[in-house]
Amino acid sequence: MKNIKQILPGEFDAVKHWYPKALNATIHPMVSFFFSLSNERIVNRYCHLRPLVNPEILHELLCYRPRYFLWAGADLFNVTTETGKRQMVIIENNSCPSGQKSMPTLQDHEEYGGYKILMEESFLPSMKSRRLPRGVLAVIFDKNHMEASGYAAALADLTNEPVYLIPYFKDDIGKQVCSKEGVMEFVNDDGEWTPIRAAFRYLTQKPWNRLPVNQKTFIYNPVVACLAGGRNKMMAAKAYDLYNGELEGSGLSIVTPETIWDVSKVEVPLWVSKMGGQAVVKNPYSNAGQGVYTIVDQQELDRFMAEEFEYEKFIVQSLIGNYNWSSTTSKGKFYHVGTLPNKKGETFAADLRMMVCGTPNGFRPLSIYSRRAKMPLTNKLISGEDSWEMLGTNLSISLGDGKWDSDTTRLMLMDRKDFNRVGVSLDDMLEAYIQTILSTIAVDKMAKNLFNIKGKFRSRQFQSMNNDPVLLNEILRD
């Protein structure tokens, strides 16, 4: 079938699966040291700096084995207050995240990097712990061919069997991919429907409109991980809030911007006003930087209100910008630490992507990288300027028709050249790691609650928590 490729053992080629600047980079010693830390050392260091944190609970969380949200990538901002209190803030945690192509290998002799680690330590153990139908192995994707093909090639080498690399878009349902009695199938070169026993999923754009919630084929990550918060910012905000309630008394909590959920469009101006005229409005079900609106003045609010939207509900979050123009919240103002100033004295807003996976022994980090905004932060806003240019850090560029590109000029690697510009320390990376794990557990717990004891999806419960008719009509349940 068109565009479906069979990846055979021995085909892995690093040149095809890394950005050139990452392939030829040397990891920074501090980042390499972070990846070498055991859970015991992480707990000792973290609790030494935060004596109110319960070390037994923290160790237990590091060893947590997720059931659904097995592979996550959190985007975090390094922020501070006017008194100099710094912390890492979770902006969102993504199911099936990108990152391997931007991560230099930890050792020069490593050929596979994180591609093999994820497959060998997370995907394969998770697959083998389940009863599976007969069929082949596959990687299904809707963007990021560079990484999707890397996972497929690594999996083929580890299993010594062919792996099918299958592009899967909404228009492909029933044509070259389908689900029959819970088993995913695709059309092979001979025009025959071929069952899949396990699929590594890199579907990022509304995966629930192509994959049923209940499947006999093992899907890594299953679509419920997206619905529960991995690709659903509305449910993620609720999952974080619920889990913070569970963590009360442990000294741990998920740190996020102040978030208001279930906001209708007509209510947006009221919440923007309450946050001091600066806020971020998000379509809860978009990703890759799409559907995010930074609002710093009346003109940007008016432009948002003039648009037509597919969905009925939004979330509104406090805006993290420069100290002179960040949202006012109950916890005060948070603003970007940002990159180290360049020779022109310019500081850029930047995020940190922390990718982790669940293994039989608990969580482990997979990759880290940073992205900066296009334009430097300014102390004073000029009316009519596009604030997204100063605050938007995502590199993805939508070209339409399901095609994507990336602005790699703003990518900052964890190598000897870029790391010092990012402006984070070893303790900042530890905090980012803990925040990523906490948010991943929160979403995984939410996903568990969306199934009954018979393993069926609780549609009514989901609707009661996320009552957006357009979204509900998109979800495939059979």
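## Elements and cavities

Helices and strands here are DSSP runs numbered from the N terminus, a helix being H or I with at least four residues and a strand being E with at least two. The model is predicted, and a search of the whole structure finds three cavities of 30 Å³ or more.

## The largest cavity

About 330 Å³ of space lies in the largest cavity. Strand S2 provides the largest share of its lining, namely three residues, while the elements that each supply at least two residues are S2, S3, strand S11 (279-282), strand S12 (292-295), S13 and helix H11 (388-391). In total, 24 residues line this cavity, and those nearest its centre are Phe77, Ile91, Lys282, Val292 and Trp388. Sorted by class, the lining of the largest cavity comprises 10 nonpolar, eight polar and six charged residues.

## The second largest cavity

The second largest cavity holds about 100 Å³ of space. Its lining is made up of 14 residues, with Met103, Leu106, Gly113, Gly114 and Leu366 lying nearest the centre. The lining of the second largest cavity divides into eight nonpolar, four polar and two charged residues.

## The largest pocket

The largest pocket has a volume of about 1,000 Å³. It is lined by 50 residues, of which Ser253, Ile254, Val255, Thr256 and Gln435 are the closest to its centre. Strand S3 (87-95), helix H7 (223-230), helix H8 (233-247), strand S10 (259-264), strand S13 (313-318) and helix H13 (426-449) are the elements that give two or more residues to the lining of this pocket.

Among these elements, S3 gives the most, with eight residues, and S3 is also one of the elements that supply at least two residues to the lining of the largest cavity. By class, 18 nonpolar, 19 polar and 13 charged residues make up the lining of the largest pocket.

## Aromatic pairs

With ring centres required to lie within 6.5 Å, the count comes to 30 aromatic pairs. One of them joins Tyr64 and Phe363, whose ring centres are 6.3 Å apart and whose planes meet at 10°, so the pair is stacked, since planes under 30 degrees apart count as such. This pair links distant parts of the chain, with Tyr64 in the loop between helix H4 (55-62) and strand S2 (71-80) and Phe363 in strand S16 (residues 362-372), a separation of 299 residues. Tyr64 and Phe363 are each buried.

Trp71 and Tyr151 form another pair, with ring centres 5.5 Å apart and planes at 75°, so this pair is edge-to-face. Here too distant parts of the chain are linked, because Trp71 belongs to strand S2 and Tyr151 to helix H6 (residues 145-159), 80 residues apart. Trp71 is buried, as is Tyr151. Trp71 and Tyr151 also belong to a cluster linked by ring pairs, whose other members are Phe12, Trp18, Tyr112, Tyr115, Phe123, Phe200, Tyr202, Phe218 and Tyr220.

## Charges over rings

Two contacts between a charged side chain and a ring can be described as well. Arg50 lies over the face of Tyr46, at 4.0 Å from the ring centre, whereas the charged end of Lys333 sits over the ring of Tyr323, 5.3 Å from its centre.

Conventions:
Residues numbered from 1 in each chain as written. Predicted model: local features only at pLDDT ≥ 70, side-chain atom pairs only at ≥ 80, totals over all residues. Heavy atoms only, no water. Phe/Tyr/Trp six-rings, centres within 6.5 Å; stacked < 30°, edge-to-face > 60°. Buried < 20%, exposed > 50% of the residue type's maximum accessible area, 1.4 Å probe, protein only. Lys NZ or Arg CZ within 6 Å of the ring centre and 35° of its normal. 1 Å grid on protein atoms, 1.4 Å probe; cavity = no way out; pocket = protein on both sides within 12 Å on 5 of 7 lines; lining within 4 Å. Points joined across faces, edges and corners; volume = space filled by probe spheres on them. Nonpolar A, V, L, I, M, F, W, Y, C, P; charged D, E, K, R; others polar.
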